[in-house]
Amino acid sequence: MTSSLGIYQTYWGLAFAYFIFYLPMSALLMSIFLPVVPNYLIESARLDGARDWSIFWHVIFPLILPGFLSTLIFVFLMVWQDFFTPLIIATRPSLYMLPVAARQYVGGYAILYNRSFAAGVITSLVPLIIFAFLGRYFIRGLAALGGGAKGV
């Protein structure tokens with residue numbers, strides 16, 4: 001399918017594969033957060049003359065923002081630490097993601113410990129920075145998820 005679309009051995013092909021793999025889980029997680037929005041807010045916005053997109057962006061999305069950000073962080077971390085999908089899909093070394101590229105420091109005869117540890121630190125910096133800046137939204141989303149997504 002990716003070769004017929006012309007995205008085989010490209011970053012678009014990897015993004016397409018991840019979209020196919022993680023869209024159902026993301027939709028399931030977001031469907032847990034959507035019952036938070038009270039119907040009377042949507043009905044009152046509709047009575048005020050708001051259209052569907054306006055209702056979504058100005059009423060619904062601000063209420064489900066912690067759930068959206070926690071889903072986004074969760075999926076990003078799953079994609080970031082994935083090893084087998086880019087190993088199978090991307091066969092050119094220029095397309096390798098960091099966990100796959102860090103594997104190159106382990107050889108058949110020796111392990112370059114200094115370079116493999118440096119690659120491990122570099123690989124873990126991006127999720128650490130993302131979680132440091134967006135961690136409070138992730139915790140809010142998990143707290144809402146644990147409470148049945150009521151009262152976010």
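Is Gln9 buried or exposed? In this predicted model, local features need pLDDT of at least 70 and side-chain atom pairs count only at pLDDT 80 or more, whereas totals for chains, interfaces and linings use all residues. Residues are numbered from 1 along each chain as its sequence is written, and side-chain values use heavy atoms, with hydrogens and water left out.

Gln9 has a relative accessible area of 12% and is therefore buried (under 20% relative accessible area; exposed is over 50% and partly exposed lies in between, with a 1.4 Å probe and protein chains only). Gln9 sits in the loop between helix 1 (2–5) and helix 2 (11–33); helices are DSSP runs of H or I with at least four residues, numbered from the N terminus. The phi angle of Gln9 is near 60 degrees, a positive value in a residue other than glycine.

The largest nonpolar core has 10 residues: Met30, Phe33, Val37, Ile42, Ala45, Ile55, Val59, Ile60, Phe61 and Ile64. Such a core is a set of buried Ala, Val, Leu, Ile, Met, Phe, Trp, Tyr and Cys residues joined through side-chain atoms within 4.5 Å. Helix 2, helix 3 (39–47) and helix 4 (52–80) each give two or more residues to this core, and helix 4 supplies the largest share, 5 residues. Leaving aside residues up to four places away in sequence, Ile64 touches Met30, Phe33, Leu34 and Val37 (contact means heavy atoms within 4.5 Å). A second, separate core of 8 residues includes Leu14, Tyr22, Val75 and Ala90.

Phe131 belongs to helix 7 (residues 113–146) and is partly exposed, with a relative accessible area of 36%. Phe131 and Phe74 lie 57 residues apart in sequence and 9.8 Å apart in space, C-alpha to C-alpha.
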